[in-house]
Amino acid sequence: MTKVFTDGLSFALPLLIMAIGAIYSEKSGVTNLAIEGFQGFGAFIGALAAILIMPRLSSSSQLPIYIAILFAAVGGGIYACLHALLSINFKANQVISGVVVNILAVALTTFFTSAANTAINGTASNKFILGVSSRYSIPFLSKIPWIGGLFQRMYPFEWIICVLAFIFWYLMYRTRYGMRLRACGENPQALDAAGGDVVKTRWIAVVISGALSGVGGICFAYSIMANFSPSIYMGYGYLAIAAMIFGNWDIPSTALVCLFFGLAKAGGQQLCLAMKLSGNYTDLFNMLPYVLTMLLLIFFSKRNHPPKACGQPWDQGRR
Amino acid sequence: MKEKKAKGLAGLLTSERWADATVSVLAIILMLIAASGILLLLGKNPAAAFYSFLQGCGLAPKANYGGGSGMLSDLFNYLNILAPMLLASLSFIVAFKTGLFNIGISGQMLASGFLATICVGYAKNLSPWIAKPLVILIGIAAGGLCGAFIGFLKYRFNIHEVVSTIMLNYIISYLTGFFINTKYVDMLTRSSRICSANARLTWTKVPIKGVSCNIPLGIAVALAAVFVVRFIFDKTAFGLELKIVGASRSCARYAGVNVRRGIVMSMALSGAFAGLAGVVYYLGYTNTMVPKTLPGMGYDSIAVALLGNSSPVGAIFASIIVTIFQSGANYMSSTIGVAKEIASLITGILLLFAACGEYMKALGRRAVERKEDRILAERAAARTKGGEER
């Protein structure tokens, strides 16, 4: 039971940070299917930085993880500029732009991972071996019955994500920029009339979206995958988008949805182990979050309120 | 005061008839430049690399061939992968013209390919004359049902088709993966058992001019599908209704078009083409299914549709070009020594430039406007000058 909570939380938090990225972009009025690409590219840059720095440090050092997270955020942010350029400045169709960015991310990272591996150690492998981040339990809190599992064997990045999630919740709901960002997705004309800069607001939002997705990606690379390879494109970016829609574009509700996804996934795996089913059955349990999303969307999507201007290119002359 | 039509690139970009085609050609040229840049950075000769892509597809002769194969067999292999690509891009086009995004082509391909494989591919003693049409029918039915379901979710429950298709993609991928792994796995290759020759949509090892060729039936299906799509959208009231729904939902409602029916029918049609692509891909080209792997073709086909300006005939040219890189990558990789992943990189770059189409057109318009302004200014200057002289 505690293992369900431990694993569930370590899956839910990276998902949450990607979902917050998606919320930022969509709340500013830019449809974002590119989360999958952002997280993969961010993780690629982070993993590359970690691989380059690792030989200079002692093997037990945990420093590469923090450097990787930093670089993943920077890499994801820079890569997000592509989506911003296409969908804000070039007025391309935002869904198509998202798909383009995803396809290009898969191609770029796969190609350059093998190229980088050839350059560094002469083997054309498509993996960066990262290992799994070390884990810590919180004293006292982890001893609580039932929910103590939430505080056991935590990855350090889970704390970073919690702090980031709070900062970006604050930025969106309690600051002037957040107010403008939300206005930008509902009625950009009103924002323009009030003296705001729609293009700038959206650009910042999309870059934040890329940076946060990059953090989510590298966290998956350091926990579930233990390496960076093309298998990072498992569809977790899309799952984050599902969480965002299911959470009605609202950060606290999305956090609950992500936790629910994480617990459903971890619970399914533990159930599978407990019932002594063969490994093949994990596929059925992996399917669970997607089936649940579909079912729950059927019940809740009528009440959903997506940002009104989401998906429309900004046209100053329109009324 | 109507000026003479603008000439040059800007003129082409602003002309109603040629703008889309010009954008595609520009995207291809820019892609070739970018790809050459990458190849030069890697220290390879771009011209040689592009030529070996062509050689790999059987469009140019190779230096030497293995026993029993020739340029013709390479060409037929190329056509074999071209067919599902064309069908998949038609699937995207049908939905796109109705204002819907079918991102789930991969999933629909997988579902139909899987069903056709287990229903017909593993059946014994079925005559090819029954098996092959049955495979195609199952493909259409399975894909069409998937698509109709997505359309139903869209109009009944207001679930955006992008979300539901993505969810369905993963559900189908895991579900078929589970059944392949537990029931239909080939222990040696870790993918599904190969299906019987009678059910395959390829005539294997047909000797033509001394070389053995695998003749794809899918290419005939794909070309027929192009004309079906063209006919529906250009000649029928139903196609017009779909286009109206795509242009403006409220306008369609006002004109008395049944929008709900349009959405469901369009997704069903789109799914049917994706299903066809699936059976042509799995029972024609690969002949086996790797569990839990969505075909990347479902996404690449969006590139093809975009490059072909979402017109069925344009899709033929676009898929010919995109497929050259995908199909020729193996040979290019073995002769030039660049990782074969560069094919998908090239597709991605091509897609990127094709997505900039609106921007290119805007640049063209701006150039034309600037030119007109200059002419007007010159004329005004000449007039004032003439006035002074008088």
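Helix α3 (residues 46-56) of chain B packs against helix α13 (residues 312-336) of chain B at an angle of about 115°, with the axes 7 Å apart. Here helices (H or I, at least four residues) and strands (E, at least two) are DSSP runs numbered from the N terminus; axes are lines fitted to C-alpha atoms, for helices over the stretch in contact, and angles run from 0 to 180 degrees between N-to-C directions. The crossing of α3(B) and α13(B) is right-handed, a term for a near helix turned clockwise from the far one by less than a right angle. Among the residues that make the contact are B:Ala48, B:Phe53 and B:Leu54 of α3(B) and B:Ile324, B:Phe325 and B:Tyr331 of α13(B). Two residues are in contact if their C-beta atoms, placed from the backbone, lie within 7 Å.

The model is predicted: local features need pLDDT of at least 70 and side-chain atom pairs count only at pLDDT 80 or more, while totals for chains, interfaces and linings use all residues. Residues are numbered from 1 along each chain as its sequence is written, and chains are lettered from A and ligands numbered from 1 in the order in which they are written.

Chain A contains 12 helices and 2 strands, in the order α-α-α-α-β-α-α-α-α-β-α-α-α-α. Its radius of gyration (taken over C-alpha atoms) is 20 Å, close to the 20 Å that the globule rule gives for 319 residues, so chain A is as compact as a globular protein of that length; the rule is 2.2 Å times the number of residues to the power 0.38. The C-alpha trace of chain A spans about 60 × 50 × 35 Å along its principal axes.

Of the 319 residues in chain A, 52% are buried, that is, have 20 or more other C-beta atoms within 10 Å of their own C-beta, placed from the backbone. Helix α9 (residues 236-246) of chain A is mostly covered, with 11 of its 11 residues buried. The cover includes α1 (2-27) and α2 (35-53) of chain A, and also α7 (161-184) of chain B. After α9(A) comes A:Asn248, with a positive phi near 55°.

The two chains meet through 35 residues from chain B and 36 residues from chain A. On the side of chain B that touches chain A, α7(B) gives the most, with 13 residues.

Methods:
Buried ≥ 20, exposed ≤ 12 C-beta atoms within 10 Å, placed from the backbone.
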